[in-house]
Amino acid sequence: MAGTAQYEELVRQFSAFGAVKREMNRIMPADCPSGSASVLTLLGRYGDLRMSRVAELLSVDLSVTSRHVAHLAERGWIERSPDPADKRSRILRLTPAGRIRLDELFRRTTRLLAERLGDWSDEEVGHLAQLMARLRDSFGECRSVPRPAPPPPEQTTRTPAST
């Protein structure tokens, strides 16, 4: 098991990773903010989904999901239809225009990653993708079922610097 110092370094790296996310968000079209892009991505990955499942996968409140869905529906990128099993619920589905928009988003992000990681080897890019997938799996895609907390990492003792 990794030690406290390694977990602390991961925390620093996650914090710094925000700059990468911001850069990726800057290349997105103005009419497709990151939350909306996330909904499109989920529908592209999983196919038709209930709105409640989208909220679950995004780990956000249903009201937040509803705003993103309304934004996408207004642009004709998704359709909302009643769920035959529960008329109170809605099924979300990508439209052909939504598929085109999603493909454009993937092209933009793929181009940015190719530019920024151009000096990385294929093996390094593959290893990063593999580790990121493993990290995501460790947290689970759905946060509705809490996982047991791991035991606390061993504590390191720090001594003040002498003067």
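I take buried to mean under 20% relative accessible area. The model I am reading is predicted.

**Entry 1: the R50 pair.** I looked up D83 and found a relative accessible area of 6%, so D83 is buried. Its partner in a salt bridge is R50, with the closest N and O atoms 2.4 Å apart. R50 sits in strand β1 and D83 in strand β2, 33 residues apart, so the pair links distant parts of the chain. I noted R50 as partly exposed, at 31% relative accessibility.

**Entry 2: other salt bridges.** I counted 14 salt bridges. R12 pairs with E9, the closest N and O atoms being 3.0 Å apart. Both lie in helix α1 (residues 4-26), three residues apart, about one turn of the helix. R12 is partly exposed at 47%, and E9 is partly exposed at 33%. I also found R88 with D86, at 3.1 Å from N to O; R88 is exposed, at 75%. E23, R26, E115 and R116 form a network of salt bridges.

**Entry 3: helix α2.** Which residues of α2 are buried? I listed G35, S36, A37, V39, L40, L42 and L43. Their cover includes α3 (51-58), α4 (62-74) and α5. Just after α2, I saw that G47 takes a positive phi of about 85 degrees.

**Entry 4: α2 against α5.** Helix α2 (residues 34-46) packs on helix α5 (residues 96-116) at an angle of about 105 degrees, with the axes 10 Å apart. I therefore recorded the two helices as roughly perpendicular. On the α2 side, A37, L40, T41 and G44 make the contact, and among the α5 residues they meet are L102, L105 and F106. The contact residues divide into five nonpolar, three polar and two charged.

Conventions. Residues are numbered from 1 along each chain as its sequence is written. This is a predicted model: local features need pLDDT of at least 70, side-chain atom pairs count only at pLDDT 80 or more; totals for chains, interfaces and linings use all residues. Side-chain values use heavy atoms; hydrogens and water are left out. Axes are lines fitted to C-alpha atoms, for helices over the stretch in contact, and angles run from 0 to 180 degrees between N-to-C directions. Helices (H or I, at least four residues) and strands (E, at least two) are DSSP runs, numbered from the N terminus. Angles under 35 degrees count as roughly parallel, over 145 as roughly antiparallel, 65 to 115 as roughly perpendicular and the rest as oblique. Contact means heavy atoms within 4.5 Å. Ala, Val, Leu, Ile, Met, Phe, Trp, Tyr, Cys and Pro count as nonpolar, Asp, Glu, Lys and Arg as charged, and the others, Gly among them, as polar. Buried means under 20% relative accessible area, exposed over 50%, partly exposed in between (1.4 Å probe, protein chains only). A salt bridge is a side-chain nitrogen of Lys or Arg within 4 Å of a carboxyl oxygen of Asp or Glu.
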